[in-house]
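Hello,

Here is the structure I said I would pass on. My notes follow below it.

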Amino acid sequence: MEELDPNNLGYIELYNLEMLLLQAPSQSMGIGTTNSRNLSQMLSQHLRPTAEPNPLRRWYRRASYFLEDNWRRCWVILLWLSICVGLFTWKFMQYRERAVFKVMGYCVCVAKGGAETLKFNMALILLPVCRNTITWFRNRTAAGRFVPFDDNINFHKVIAAGISVGAGLHIISHLTCDFPRLLHATEEEYEPMKRFFGDDQPPNYWWFVKGTEGWTGLVMLVLMAIAFTLAMPWFRRGRLSLPKPLNRLTGFNAFWYSHHLFVIVYALLIVHGHFLYLTKKWQKKSTWMYLAVPMVMYACERLTRALRSSVRPVKILKVAVYPGNVLSLHFSKPQGFRYKSGQYIFVNCAAVSPFQWHPFSITSAPQDDYVSVHIRTLGDWTRELKNVFSKVCRPPTEGKSGLLRAEYDRDVGAMSNPSFPKVLIDGPYGAPAQDYKQYDIVLLVGLGIGATPMISIIKDIINNMKRLEGDVESGNPGDASTSASFRTRRAYFYWVTREQGSFEWFRGVMDEIAESDKKSVIELHNYCTSVYEDGDARSALIAMLQSLNHAKNGVDIVSGTRVKTHFARPNWRNVYKRIALNHREQRVGVFYCGAPVLTKELRDLAQDFSRKTNTKFEFHKENF
C-alpha cells in the first residue's frame, strides 16, 4: 500500500496490483542467474554433448576420466588387493607342499590362504579409524596429495568386506571339506596327522567344536556377524521398522555398542591364532605379529582421546533450541585448542550416555573465543541430548533468537546461573572442508544442517580478509604470513533447506557477514524448497511482499536476515555456468556437506564443466 498509494487514499486501483503481481516475480527470477542467457550462448558450444562413434575411443575416454578423478583411490585399492592376493597365494603354495595336503587336498590351502588375508585385514582395519593419526598426516605432511584421507571410513568398510571374504573361505573350507575328509580318512592316511590331532582320530564334529580352536572361531563368527549386520545402513540409520523388543536392534546405539564387541573378537583371535591344529612352533604363529602394532596404535589413540578430553574441561556458555529440532551449544575454548574451519569435534554428555562420543562440525571460526556446534535431532542420542538441555532452558527474552535459550553470565553468582549437564569434547579432527584455503575460488553447498562447516568457513574468510586489509576498526594490520597461507578471494555459499525456521539457526551470522563483507567477497544464497520456484504464479504474492520489504527495510521476510531467500531448488547447472564464466582458467573448490541426495549431481557437474571448459572444479563431499 505504501508503494502504490503514496497519497494515502486508502485504496489502490486494480491495474496497480496487477502490475505489481506481474513484475515482482519476473524481477526475482533474475536473482542468482545473472547473465544466464549470455552464459548459455557463450558455453553452448563447449557443453553440447557429442557422441563418440568409435566404442574403443569412447571406452578409453571414460576410463581416462575415471582415472583422472579417482587415481588416488585406485592405487590404494590396487595395493591392498595385491597384498591380499599375494598373501593368499603364498599360503596356498606353502600348504601344497605339506603332508596335510595329501589328506585334505586343496581345501586346506584355501582355508589357510583365507586365514592369512583375514589376519592382515583384521590388523589393517584399525588404521582408518585412528583419527588423530590421520589428522596429523593431513595437517603436517604432504601425504594428502597421494592418499585419499577423506575416504577413511569407506576404506574401513572395504576392508570389512575383505574380512568377510577371508573368514568365509576359512570357515567354509574347514567345515565342509577339511574336517569331513579328516573324519573319513583311513588309518594309513591319518598316520601323518597324529602329530597334529593326536593318536586317536577325531570321531565327530563335536571334537573340533569343543576344542579351543573350535569354540573361539565360532564365537568370533557370531560376534562379527552381529557387528556387521547392525552396521548396515538399514539398522544403523533406523530405516527398519521392527516390532518390540527387536526395535532396540535399530538405531545408532545398537550400532555403537555392537561395534565395540571388537575388543572380545581381537582377544579371541589372538587365542585362536595361538592354539592351531597344524602349526606348533611359536615363531610360525603369526597372528600376534600382524596385530601387535595396529592394536598398540589404536590403544594409544583411544587413550589419547580419553586423556585429552578429561584434561581439557569446557564450560557451557550458551545453549539455544531452534526450530527444526536443532540444539546449539557454545563452549569455552580450552587452552591450546587450535582448529581449522571445516573440522569437527566429538561430543560426550554423561547425562545421556557416559560412553558414547558423537561427531559434529564446528560452526565457530578459529578466531572466536568460544567453540560452537549445532546439533540436529536425527537419532536416539541427539534426541535425548536435546531433552536434557531443554530442561535448563527458558523462552528467550526480546531480541534473542531461538525457541528456548540459556546463557552463562560471568557477572552473576554461580547460584544464579543455570546448572548445565557436564559435556566433554575431543578433537579437532580433519575433514574435507578444511582444505578450502587451497583454492582462490570456493563453492560451498550446505543441505539442511549440512551448512554447519560452511558457516565456520565463511566466518573465517571474512576474518582473514579483514586481517589482510588491515581493517581500521579492528586495528589489525595486514599480515604477510596470513597472505601466504590464505588464498581464497571469492566464495559462493548456497544453503538449501526445506523449512523456513531453519534460517534462524544462523541468522546472526548471516547478518554479520552481510554487514561486514564490504567488498562482496562472499555471495550468499538461501533457498527454501517448500515454496514454489521464483516466477511461479503460486508464489507470486510472497515474492512481491519479499521484494517490497527487502527494498524498504533491507530484511528478508522469509529468513529474517539481510540475505534474500530464493524459492525451490537451485538450478545447479546455471550455478556452475556462472562461476565458469566469471572465473576462467582458475581452480574452483566445490565443498558439499549434507545428505547423499545431492552428491552425484554436484560431482557430475563438477566433472562435466572441468572437462568442457577451462575452469577446473574439484569436488569434495562430506555426507552424514
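Before the rest, two points on the source. This is a predicted model, in which local features need pLDDT of at least 70 and side-chain atom pairs count only at pLDDT 80 or more, while totals for chains, interfaces and linings use all residues. Residues are numbered from 1 along each chain as its sequence is written, and side-chain values use heavy atoms, with hydrogens and water left out.

The protein chain has 624 residues, of which 47% count as buried (under 20% relative accessible area, 1.4 Å probe, protein chains only). Its secondary structure comes to 22 helices and 13 strands (DSSP runs: helices H or I of at least four residues, strands E of at least two, numbered from the N terminus).

The largest nonpolar core has 33 residues. Such a core is a set of buried Ala, Val, Leu, Ile, Met, Phe, Trp, Tyr and Cys residues joined through side-chain atoms within 4.5 Å. Helix H17 (452–469) is among the elements that each supply at least two residues, and H17 gives the most, with seven. Ile-461, Phe-493 and Ile-522 have the most contacts inside this core (contact: heavy atoms within 4.5 Å). Leaving aside residues up to four places away in sequence, Ile-522 touches residues including Ile-458, Ile-461 and Ile-513.

A second, separate core of 28 residues includes Cys-84 and Tyr-266.

Regards

Methods
Buried means under 20% relative accessible area, exposed over 50%, partly exposed in between (1.4 Å probe, protein chains only).
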